[in-house]
Amino acid sequence: MYIININCFQSFKKDAVSSQTLIKLGNDILQSRYRRQSDIFEGRDTAMFIAILEDNAGYRKTIREYIARYQSESDVEIQTTEYANGMDLLDDFRGQYDILLMDIGMQGLSGMETAKQIRSEDENVVIVFITKLEQYAIEGYSVDAFDFILKPITYYNFSVKLARAVRRAQNRSPGRIWLAIKGGARSLETRDIYFVEIDGHTLRYHIRQEVLEIRGTMKQAESELTDYHFVKCNQWCLVNLQHVKEIRENTIRILDKELKISRRMRNAFLSAFMDYAGGDN
């Protein structure tokens, strides 16, 4: 999260540059900074980054070949990194991966224990376990495992589940928006926004520990956030589907709040949520 003080741009006032222009300038500066920040993230805008954790060299080779075949059959660019044990993955992990393909039963640190440590650092990476052990399916929910692929691996089963994982990772990829706040502008990652509500001409952005208020319209908020899986549950509220914890007949729960689903928007909201939850976007 970044804040830019518009007073920093005093030299532009002679040209009567609008606050929206300054916000765009700040966004360009921010994006440039992120591009330079680390070589770890080079190419993230166009490639899907996948880590393979598997202690069996034969299975690593099979997974690598299946990923190459899937890539040739799809329009997804994929870059892979392979690890033979969990400690090496943990030592190297900096949040740079979109998908983790992980064996469970390994010598030393198991894939499940590795996943638990990674999940404590990164709540968005998509975890898919590749294992012979069906009994781990229930435990996988504790690390929000997206799917399981049972050994021996067939290409058809692998490619179907990899495609779903890719769609889920694309769903979870964060964007950034700028909000014009008093005296400046503030950058937010879209995944940090839980929901947006409007009261008159005031938009309230509910983020992790605070609520930001700006003047604006719901149409403006929708135009900025729709591409990041925000959907209206009623006329006054725009919801981040990533943070929906419970859906009841006429309400949804986000944080400690219950938000009403209007009758008019119910079907569209539920359809959008099912598409998102199933990774089918």
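Colleague: Are Tyr-83 and Tyr-97 buried or exposed?

Modeller: Tyr-83 is buried, and Tyr-97 is buried too. Bear in mind that this is a predicted model.

Colleague: How many aromatic pairs does a search of the whole structure find?

Modeller: Five aromatic pairs turn up.

Colleague: What about the rings of Tyr-66 and Phe-158?

Modeller: Their centres are 5.6 Å apart and their planes are at 50°, so the pair of Tyr-66 and Phe-158 is tilted.

Colleague: Where do Tyr-66 and Phe-158 lie?

Modeller: Tyr-66 is in helix H2, residues 57–73, and Phe-158 is in helix H6. The pair therefore ties together parts that are 92 residues apart in sequence.

Colleague: Why does Tyr-66 count as buried?

Modeller: Its relative accessibility is 18%, and buried means under 20%. Phe-158 is buried as well, with a relative accessible area of 0%.

Colleague: And the rings of Tyr-83 and Tyr-97, what is their geometry?

Modeller: The centres of the Tyr-83 and Tyr-97 rings are 6.4 Å apart, with the planes at 85°, so that pair is edge-to-face. Tyr-83 sits in strand S3 (residues 77–83). Tyr-97 is in the loop between helix H3 (86–92) and strand S4 (99–102). The two are 14 residues apart, and the pair links distant parts of the chain.

Colleague: Which residues do ring pairs link into a cluster?

Modeller: Tyr-66, Tyr-155 and Phe-158.

Colleague: What sits over the ring of Tyr-155?

Modeller: The charged end of Arg-69, 3.8 Å from the ring centre. Likewise, the charged end of Lys-151 sits over the ring of Tyr-59, at 4.2 Å from its centre.

Colleague: Let's stay with Lys-151. Where does Lys-151 lie?

Modeller: In the loop between strand S6 (147–150) and helix H6 (155–172).

Colleague: Does Lys-151 count as buried or exposed?

Modeller: Lys-151 counts as buried, because its relative accessibility is 13%.

Colleague: What does the side chain of Lys-151 make a polar contact with?

Modeller: With the side chain of Glu-54, at 2.8 Å. Leaving aside residues up to four places away in sequence, Lys-151 also touches residues including Tyr-59, Asp-103 and Thr-131. Ile-130 and Lys-132 are among its contacts too.

Colleague: New topic. Which residues touch the most other members in the largest nonpolar core?

Modeller: Ile-67, Ile-99, Leu-101 and Phe-158, out of 25 residues in that core.

Colleague: Which elements each supply at least two residues of this core?

Modeller: Strand S2 (47–53), H2, S4, strand S5 (126–131) and H6. H6 gives the most to this core, with seven residues.

Colleague: What does Ile-99 touch?

Modeller: Not counting residues up to four places away in sequence, its contacts include Met-48, Phe-49, Ile-50 and Ala-51. Val-125 and Val-126 are also among them.

Colleague: On to helix H7. Which residues are buried in H7?

Modeller: Met-218, Ala-221 and Leu-225 are buried in H7, which spans residues 218–225. They cover an arc of only 60° around the axis, which puts them on the same side of H7.

Colleague: Which residues are exposed on the other side of H7?

Modeller: Lys-219 and Ser-223.

Colleague: What covers the buried residues of H7?

Modeller: The cover includes strand S7 (176–181), strand S9 (193–199) and strand S10 (202–207). Strand S12 (230–234) and strand S13 (237–240) are part of the cover as well.

Colleague: Now Gln-71. Where is the place of Gln-71?

Modeller: Gln-71 is in helix H2. With a relative accessible area of 26%, Gln-71 is partly exposed.

Colleague: What does Gln-71 touch?

Modeller: Val-76, Glu-77 and Ile-78, not counting residues up to four places away in sequence. A polar atom of the Gln-71 side chain lies 2.6 Å from the backbone nitrogen of Ile-78.

Colleague: What separates the C-alpha atoms of Gln-71 and Ser-159?

Modeller: 9.6 Å, with the two residues 88 apart along the chain.

Colleague: Last one. Where is Gln-170 found?

Modeller: In helix H6. Gln-170 counts as partly exposed, at 40% relative accessibility. The C-alpha atoms of Gln-170 and Val-126 are separated by 9.9 Å, and the residues are 44 apart along the chain.

Conventions
Residues numbered from 1 in each chain as written. Predicted model: local features only at pLDDT ≥ 70, side-chain atom pairs only at ≥ 80, totals over all residues. Heavy atoms only, no water. Buried < 20%, exposed > 50% of the residue type's maximum accessible area, 1.4 Å probe, protein only. Helix = DSSP H or I, 4+ residues; strand = E, 2+ residues; numbered from the N terminus. Arc of directions from axis to C-beta. Contact = heavy atoms within 4.5 Å. Polar contact = N/O pair within 3.5 Å; in protein donor to acceptor, adjacent residues only side chain to side chain. Phe/Tyr/Trp six-rings, centres within 6.5 Å; stacked < 30°, edge-to-face > 60°. Lys NZ or Arg CZ within 6 Å of the ring centre and 35° of its normal. Core = buried A, V, L, I, M, F, W, Y, C linked by side-chain atoms within 4.5 Å.
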